Amino acid sequence: MLTSFAILVAGFVALVWSADRFVFGAAALARNLGVPALIIGLTVVAMGSSAPEMMVSASAALADKTDTAVGNAIGSNITNILLVLGITALLRPLSVSSITLKREMPLVLVVSVIAWYMFTDNYFSQTEGWLLLVGFVAFIAFLIVISRNQKETQDDPFVSEACDEIPSDVSTKSAAFWLIVGLILLPVSSHFIVDSAVDIAQYFGLSDLVIGLTIIAVGTSLPELAACVAGVLKKEDDLALGNIVGSNLFNILAVLSIAGILNPSTIDASAANRDALVMIAATIVLIAMSLNFRGSRRINRVEGGMLLVAFFAYQGYIFSQIA
């Protein structure tokens, strides 16, 4: 069992590092190929924090562990809002002024409700997976369209902060090298994470869904936590929150779609009856805390503390059900 824990930790370290290298290489290569900075910032950079979830979801689905893949996507969204945002707001209250984020937050709620509805029959079909993937492609196209509206995006703090994250002065050869390194290590580390997580789940009597909701969800949310902490320390509040909003959208539309497409199957009823509902509730709380359509809004330390308490209460409830 200690070996499985060691492999799990090593897998997460490799996963986070390889995801960072993948995004670094992809963003630098896209810049060198002439892709506009706005498009790179709103797509490649924003997608980067969800790369671990995508790889783990694919590995789990291929291992016939669709519940783990579903739990990873739902659990990551819950963890991003309750744990990551909670810790970030405790470090420093977050000001929310980005028009882009105010537009995307309700979209996170819409796709979360759609995912819940898909789970209500306790079966995640390939058709549903493809529908989510189509939604993901449509969302990327939407980002590209609005990125071309210079009047709307030029003064948006989230857009400017995302563009600042794009690496510059990186040779095409170096960018391609890191892209390939990321592409190789991401699936390899994901494979070891899923295998070790399954061993741990069997040892403690945890279901595939629960292991995805807890250990794997927290582990794959480490890039979001690191990005958010770095964002608030640099006083880039909108970028910190944007990492959470973008990741949650990608988790539903891209991560879940992978599971349905690769391995459509019956899923644990708790995914719809409990966990997706918690995800929806957390998203509603995020919107309520973040949006003030008359101007800027702050997520304060008290609200951050409330989010953290909710996270530990949810985790406690899950494990109490097992006991």
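The structure is a predicted model, in which local features need pLDDT of at least 70 and side-chain atom pairs count only at pLDDT 80 or more, whereas totals for chains, interfaces and linings use all residues. Residues are numbered from 1 along each chain as its sequence is written, and side-chain values use heavy atoms, with hydrogens and water left out.

Thr79 belongs to helix H4, where helices (H or I, at least four residues) are DSSP runs numbered from the N terminus. When residues up to four places away in sequence are not counted, Thr79 touches Val84, Ala217, Val218, Ser221 and Phe311, contact being defined as heavy atoms within 4.5 Å. Between the C-alpha atoms of Thr79 and Ser221, which are 142 residues apart along the chain, the separation is 7.0 Å.

Asn72 is also placed in helix H4, and at 0% relative accessibility this residue counts as buried. Its side chain reaches the backbone oxygen of Glu53 at 3.4 Å. Leaving aside neighbours within four places in sequence, Asn72 is in contact with Glu53, Val56, Ser57, Gly212, Leu213, Ile216, Ala217 and Thr220. Thr220, in turn, lies in helix H10, which spans residues 208-220, and counts as buried at 0% relative accessibility. The side chains of Thr220 and Ser76 are joined by a polar contact of 3.2 Å, that is, a pair of N or O atoms within 3.5 Å, of which, within protein, one must be able to donate a hydrogen and the other to accept it, residues adjacent in sequence counting only if both atoms are side-chain atoms.

Two packed helices are described by the angle between their axes and the distance between the axes. Helix H4 (residues 66-91) packs against helix H11 (residues 222-233) at an angle of about 25 degrees, with the axes 10 Å apart. H4 is therefore roughly parallel to H11, a description used for angles under 35 degrees. The crossing of H4 and H11 is right-handed, meaning that the near helix is turned clockwise from the far one by less than a right angle. In this packing, Asn80, Val84, Ile87, Thr88 and Leu91 of H4 meet Glu224, Leu225, Cys228, Val229 and Val232 of H11. By class, the contact of H4 with H11 comprises 7 nonpolar, 2 polar and 1 charged residues, where Ala, Val, Leu, Ile, Met, Phe, Trp, Tyr, Cys and Pro count as nonpolar, Asp, Glu, Lys and Arg as charged, and the others, Gly among them, as polar.

Terms used
Axes are lines fitted to C-alpha atoms, for helices over the stretch in contact, and angles run from 0 to 180 degrees between N-to-C directions. Helices (H or I, at least four residues) and strands (E, at least two) are DSSP runs, numbered from the N terminus. Angles under 35 degrees count as roughly parallel, over 145 as roughly antiparallel, 65 to 115 as roughly perpendicular and the rest as oblique. Buried means under 20% relative accessible area, exposed over 50%, partly exposed in between (1.4 Å probe, protein chains only).
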